[in-house]
Amino acid sequence: MLDVRKLMLLREVGARGSIAAAAQALNYTRSAVSQQLSALEAETGTALLDRGGRRAGLTAAGRLLVASAERVLAELEAAEARLLARDGRVTGELRVGVPLHDGPALLVPALTRLRACHPELRITLHGVAADEGRRSVRLGRLDAVLAAGYPQVPEARVPGLYEEAVISDRIRLAVPPGHPLAGGEGPRDLAEFADQPWLLDRASRLGRLALHLCADAGFVPDVVSDIGDMQAVFGLVSLGWGVALAPDLVPDRPGHPVVRVPLKGIDPVRHITLVVREGARNSPPVAALLPAVREAADELRRSAPDRQP
């Protein structure tokens, strides 16, 4: 029978793209990971890693084995969750990823309520970059995280994850106070901002959305900053460095006012989901977290009805 721990190492290499990166992420030596995977190849009788390039990737057989391992790991975690749920207690540790500057308004009230209801549960918070959350949950670094999706730039589904819709918000264009296109109540054409400097992170989902919308409007934005931290972006916009797309539920940066301009003819939105592993969905900590986040989302929805589609 195949060793589950070796399968997890193989999955990590597939996710990280190299043995060295997987070893670093797991606090193992590179040679230890390589030896375990060589042993797994001997057990299966087939090559699982393509060692021909500078970075070891998975062979077709390796990818097939990882896909099967995902299902096995999910079933093992689900079995453990069923055992833990038998006595009705909510204990252990819940590791929650908080997207920087974006998650606290929703997650902190939910987690505060959860901690009060279940004092035996240890909750730890971990700051995560917006595009790293799903992978961190999938690989077991975190138990839950908030993640954002944009219908205009769909992403491939990550295997082994369960995502529950939490809340949606509109996306507008943040411009400096006093900007000539900031006046009035009506929406503006995105093409009117074609000659403006732009602040966007091409590697982020929000940055890819900005590039997509600008292309549809017939121009390529002049990107003067690729910073993805929205609070830093608001600071730069406030000081006149450029314009940027901004989801409505991301709070303003204190002392750095911006004007949020609605866009004519398009209605970009962001969908926020709570992401957990499918196998852990019914574990007592995660099962208690889901309704707490729903309740916090309902409160946020009632307090800011104009920010949602």
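A crossing is called left-handed if the near helix is turned anticlockwise from the far one by less than a right angle, and right-handed if clockwise. The model is a predicted one: local features need pLDDT of at least 70, side-chain atom pairs count only at pLDDT 80 or more, and totals for chains, interfaces and linings use all residues. Residues are numbered from 1 along each chain as its sequence is written, and side-chain values use heavy atoms, with hydrogens and water left out.

Helix 1 packs against helix 2 at about 115°, their axes 8 Å apart; axes are lines fitted to C-alpha atoms over the stretch in contact, and angles run from 0 to 180 degrees between N-to-C directions. The two are therefore roughly perpendicular, a term covering 65 to 115 degrees. Helix 1 passes helix 2 in a right-handed crossing. L9, E12, V13 and R16 of helix 1 make the contact with I19, A21, A22, A25 and L26 of helix 2, contact meaning heavy atoms within 4.5 Å.

Next, helix 2 (residues 19-26) packs with helix 3 (residues 30-44) at about 115°, with axes 8 Å apart. That crossing is also right-handed. Here I19, A20 and A23 of helix 2 meet R30, V33, S34 and L37 of helix 3.

Finally, S283 sits in the loop between strand 11 (269-277) and helix 9 (284-303). S283 is buried, at 10% relative accessible area, where buried means under 20% with a 1.4 Å probe, protein chains only.

Definitions and conventions
Helix = DSSP H or I, 4+ residues; strand = E, 2+ residues; numbered from the N terminus. Buried < 20%, exposed > 50% of the residue type's maximum accessible area, 1.4 Å probe, protein only. Parallel < 35°, antiparallel > 145°, perpendicular 65-115°, else oblique.
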